[in-house]
Amino acid sequence: MTEDNQCLSTSYAVPGQKGFQKGNPGRPKGSKNRFAVSTLKELATLKGDAMQVLRDRLAAGDLDAAKFIIEKIVGKNSRLIELSGTDPESIANDIADGSLNVEEAAKLSLALQRLSSIEKIEELEKRLDELNALLKDSSV
């Protein structure tokens, strides 16, 4: 290690002490270094070419290419589930016949609950807009 490198390395961390120097929290979580940003920009320019290569491999019957795409879209440890319905009784029936496990049912119920909340909020916004329009008409 040269003297310059040693100087740079000790400016961030104190030898024999855990963590960074006082007042230096380090790099923020989730921040990307210059290499990663430049690499991502370079990869973005290759998107069209990469998709064409995948299309060609799929057309040639390459099952590994199909597996790669499905894993990236659905997830490596995920599985596709065909539901008989989204009401509580249908979910219970899917659990009973084994096509849906309890963990998946819990996640599904949470997602359905959130979607229902969103629909209710949208309905309330619509009603508020109608009330505002009525108030504007009556005040004129």
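Residues are classed by relative accessible area: buried means under 20%, exposed over 50%, and partly exposed in between, with a 1.4 Å probe and protein chains only. The model is predicted, so local features need pLDDT of at least 70 and side-chain atom pairs count only at pLDDT 80 or more, whereas totals for chains, interfaces and linings use all residues. Residues are numbered from 1 along each chain as its sequence is written, and side-chain values use heavy atoms, with hydrogens and water left out.

**Salt bridges overall**
- Three salt bridges (a side-chain nitrogen of Lys or Arg within 4 Å of a carboxyl oxygen of Asp or Glu) are found in a search of the whole structure.
- Side chains of opposite charge can pair when their charged atoms come close.

**Pairs in helix α6**
- Helix α6 covers residues 102-139; helices are DSSP runs of H or I with at least four residues, numbered from the N terminus.
- E103 and K107 form a salt bridge with their closest N and O atoms 3.5 Å apart, and these two residues lie four residues apart in the helix, about one helical turn.
- E103 is exposed at 53% relative accessibility, and K107 is exposed at 56%.
- E123 and R127 form a salt bridge with a closest N and O separation of 3.4 Å; they too are four residues apart in helix α6, about one helical turn.
- R127 is partly exposed at 48%, and E123 is partly exposed at 35%.

**The pair R57 and D62**
- R57 and D62 are joined by a salt bridge of 2.5 Å, N to O.
- R57 is partly exposed, with 40% relative accessibility.
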